[in-house]
There are 2 protein chains.
Amino acid sequence: MDGLGGLPVEPGGPTELEAAHTPHMDRLAAEGTCGLSIPIARGVAPGSGPAHLALFGYDPLKYEIGRGMLECIGIGMDIGPKDVAIRGNFCTVDANGVITDRRAGRIPTEKCAELVAKLRAIEIPPYEITVEPVKEYRFGVVIRGEGLSGDIDDTDPQVTGKAPLPAVPRSPAAQKTADLVNEWIARVAAILKDEHPANMVTLRGFSMDPSLPKYADVYRLKAACVAVYPMYKGVSQLVGMDVIETDPHDAPADEFKRVMQQFEAGYDFVFCHIKYTDSRGEDGDFAAKAKVIESVDAALPVLLGETGPDVIVITGDHSTPAKYKAHSWHPVPLLLWAPETHMPDRATAFGERECMGGGLGHFPATDIMPLALAHANRMNKFGA
Amino acid sequence: MDGLGGLPVEPGGPTELEAAHTPHMDRLAAEGTCGLSIPIARGVAPGSGPAHLALFGYDPLKYEIGRGMLECIGIGMDIGPKDVAIRGNFCTVDANGVITDRRAGRIPTEKCAELVAKLRAIEIPPYEITVEPVKEYRFGVVIRGEGLSGDIDDTDPQVTGKAPLPAVPRSPAAQKTADLVNEWIARVAAILKDEHPANMVTLRGFSMDPSLPKYADVYRLKAACVAVYPMYKGVSQLVGMDVIETDPHDAPADEFKRVMQQFEAGYDFVFCHIKYTDSRGEDGDFAAKAKVIESVDAALPVLLGETGPDVIVITGDHSTPAKYKAHSWHPVPLLLWAPETHMPDRATAFGERECMGGGLGHFPATDIMPLALAHANRMNKFGA
């Protein structure tokens, strides 16, 4: 459950998870082991990219998914291993080409889509250039071809009163890509010159597939991802999970049915992502976030049958307290349920305060996968 | 509170902190979040230098304040960035110059001061050499001048039956300093030759300012230190805090008033050090240590007004259980109080046992500063 962790709104009151009526999770908590997971480091609120890397067991300080990559993944763009992904902003420049508004007056998303459609006319063979609108003034660009590099500085000068910078390579290997990008920008400028306020673009976060080690190699797992939002599908794909087709209207019970189908199809690990806990937290809607948690709990029996998984981990990538309307640094409640193999503790319900004193303690999110594997009897003894 | 952590003297009894009547801290603990801080590593009792570095957020295994530096800082000697600081011992040598007592019969401090006064007669221009008594046979030396180095081996052979070693440079850059030190030792020997038992010296812990990163750069904080003892002022200064003038007779309430004055003067972080918890612990006086804690609690309302700080952290640099009469490895109770931003836990009072199950868990002392900054909303999100 994305952004699962929460905070009380009233001193001494319950968190979202504590307020939610969750009989199934409470039973699993009572039977299993609880703890608090620390996504990145104490005091650090994570973005979704690093938080998911940590959840998947990859040190987010060592492995990094570039900003362009994350943006393009987030809108479901198809990105191959040799492609360069870029975040684009429409901006406003004056007659001298100097930026007067870095966000082009925050044009509506529809306008963005309309302008992006015009930019698709640009062809620079043999490269394949895909452009997609994101939101308001933001768009994504993916360039496909041989010998490309993401080692290029942002063209956004970060301040108004300066012209957009040219794409400058940070290494000789990126010269060709920089030339190509500068050619594209020049043709964009020609197309946009009579538009207002979005008459120019800046490009940021040039990046490529980070070549993360894959689940099959790291964990010997045949892994699948059941998620509705493109961002989480994308990050799962980067670690080698097979992304299962879902419907945008999937409720938790629908997602759980898909999870069960994957186990039946021979997958031995399924990552299932529930988005709306985070969304309602970002909205600042405590009651609605608690309701999402309740809907997940109500659907949980789908996973708890005879053919259900041997190990279930219920947690979040980070906290999104409704009180904050944002990601926060607070550690995330986690419950690990594995009949036969777990160490029981005194937690009798699933909630932040119960997890504080749980049997797993407070631990880095990167330890979740080793713990889950151990509880599935899939870890070897270390040493003789 | 230096050496805050304690132990019961009777099995099942309270610790010093648990025995003390602390209504204000108990309220803050009930409202805030508790935990146990591990100064260096589990099982390791820290000295004051590394314990304070950890408290300030500097990995004490990476950053080191030399022993000479700590000794000279501890008695308030003025040490500049190019100076070499050294710990000196008076010792006894026989007619052949062989050490018969490495501590010169633990001469009284007054005798030490008298001998140090004689050593001040030594002048080796253009260098400025300052000598100050510490305690019994121990003294401090600071050498000021250009091109000095602390990269010199101890002259103390660590055993009786051997002569003091010459000062030997560990690198060519330290040759000049070693020559200077050997010249000084020769002249010391001449001055002391008719003294008894303190007729010679050994020098140890040659060191210079460790050039620690500064609070303004690491944390973007304008930081001040309110402490009465020179050692803590010195370490605070090394991390870039401004050291506020105090009176040796300052009670906790006086120190807290100075803290409030610094916030009014524009500081956004104040480190306030209370010495006597540690002193009474070292004395083995359980009741007196509890009384010091009570005096701190009684003064606490000075900090709790409308204009008080947004975040308060109450903890110690290490434990000094009266039962041990010494620094110990036990983790240190910590309470973090920050209206609005903290995660409440089940602790209802400030004490070791309440902190064990607290919402902050058991964590390295180096995480205290990131946690405090997060609770003041001063940390950026990590990644997108």
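Reader: Where is A:Pro126 found?

Author: In this predicted model, local features need pLDDT of at least 70, side-chain atom pairs count only at pLDDT 80 or more, and totals for chains, interfaces and linings use all residues. Residues are numbered from 1 along each chain as its sequence is written, while chains are lettered from A and ligands numbered from 1 in the order in which they are written. A:Pro126 sits in the loop between helix H5 (109–119) and strand E4 (128–135) of chain A; helices (H or I, at least four residues) and strands (E, at least two) are DSSP runs, numbered from the N terminus.

Reader: What is phi of A:Glu136?

Author: Phi is near 50° there, a positive value in a residue other than glycine. A:Glu136 lies in the loop between E4 and strand E5 (138–144) of chain A.

Reader: Why does A:Glu136 count as partly exposed?

Author: Because A:Glu136 has 17 C-beta neighbours inside 10 Å. A residue is buried with 20 or more other C-beta atoms within 10 Å of its own, exposed with 12 or fewer, and partly exposed in between, with C-beta atoms placed from the backbone.

Reader: Changing topic, how many residues of chain B are in contact with chain A?

Author: There are 19, in contact with 27 residues of chain A; contact requires C-beta atoms, placed from the backbone, within 7 Å. Helix H13 (residues 368–375) of chain B gives the most to that side, with four residues.

Conventions
Contact = placed C-beta atoms within 7 Å.
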